[in-house]
Amino acid sequence: MSSLKGREIVLGVTGSIAAYKAADLVRRFREAGAGVTCVLTEAAARFITPLTLAALSGRPVGRDLFDDKLWSMAHLGLAKTADAVVVAPCTAEHLSLLASGSAEDLLTALILATRAPVFLAPALHEPMWTHPATQKNVRACREYGYRFVGPVKGPLASGDTGLGRMEETDKIVAAVAEQLKKRSKA
Ligand SMILES: Cc1cc2nc3c(=O)[nH]c(=O)nc-3n(C[C@H](O)[C@H](O)[C@H](O)COP(=O)(O)O)c2cc1C
């Protein structure tokens, strides 16, 4: 995990029940020596409080593309300083936005603007994951070079078991660390 030391991670969080696991991701990235800036969608803020992520990361949380108080750290700043952008959990909605090249919120705008590797950790019900529309979006995201971590098979929030569970947080951190090992710090 030494490849994470001194690195800057942008952690995008979207609106899934699995958003609570973002708190653990922040903790793990920080324990590995990385700085973490969280960017939440509007829906994500209904699942986990921005205050929790601000307290754990020690930084303000980005939420609004048009927030002038955060302008210096907002989409272009974050896009430039990030060593990796990780979206965990990533909803079906955000897979669709990313596949279409949307820049409608802070998270999509900064992903469009960054040269850093982008990791997507989807969390959704199996029928949503296997839907042809989602699979088309996944192929488009892969074409753009975005890396997928999961989803995996397991118990889902609905009580069903299936493919759609967000990958475990330690595996997400390991995937980012592995990739950053190959990229020397600019
Ligand atoms: C209780 C609840 C749980 C949800 N869980 C998921 C989920 O795991 N994956 C997903 O793709 N959408 C899920 N949704 C739907 C998203 O929250 C919804 O599509 C939202 O518009 C996503 O917005 P965002 O991608 O901008 O965060 C859930 C909705 C509710 C009400």
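Strands here are DSSP runs of type E with at least two residues, while helices are H or I runs of at least four, and both are numbered from the N terminus. Two strands count as paired if DSSP finds at least two bridges between them. Please keep in mind that this is a predicted model, in which local features need pLDDT of at least 70 and side-chain atom pairs count only at pLDDT 80 or more, whereas totals for chains, interfaces and linings use all residues. Residues are numbered from 1 along each chain as its sequence is written, and side-chain values use heavy atoms, with hydrogens and water left out.

In general, strands of a sheet pair through backbone hydrogen bonds, either parallel or antiparallel. Stepping back, the whole open sheet has 5 strands in the order S2-S1-S3-S4-S5, with parallel pairing. Its edge strands are S2 (35-40) and S5 (147-148), each of which pairs on one side only.

How well covered is S1? It is mostly covered, with 5 of its 6 residues buried. Buried means under 20% relative accessible area, exposed means over 50%, and partly exposed is in between (1.4 Å probe, protein chains only). In strand S3 you will find Val86, which counts as buried because its relative accessibility is 1%. Val86 and Pro117 are 31 residues apart in sequence, yet their C-alpha atoms are 8.4 Å apart in space.

Now follow the chain out of S1. Ile17 lies in the loop between strand S1 (8-13) and helix H1 (21-31), and it counts as exposed because its relative accessible area is 52%. Together with Tyr20 and Phe47, Ile17 forms a nonpolar patch on the surface, with about 330 Å² of accessible area.

Finally, look at the aromatic rings. The whole structure holds 2 aromatic pairs. One of them joins Tyr144 and Tyr146 edge-to-face, at 5.8 Å centre to centre and 70° between the planes. Rings of Phe, Tyr and Trp (its six-membered ring) pair if their centres lie within 6.5 Å; planes under 30 degrees apart are stacked, over 60 edge-to-face and the rest tilted. Tyr144 is partly exposed at 43% relative accessibility, whereas Tyr146 is buried at 12%.

Conventions
Patch = residues over 30% accessible without salt bridge, like charges linked within 9 Å, V, L, I, M, F, W, Y side chains within 5 Å. Areas by Shrake-Rupley, 256 points an atom, 1.4 Å probe, with all protein chains shown as cover. Salt bridge = Lys/Arg side-chain N within 4 Å of Asp/Glu carboxyl O.
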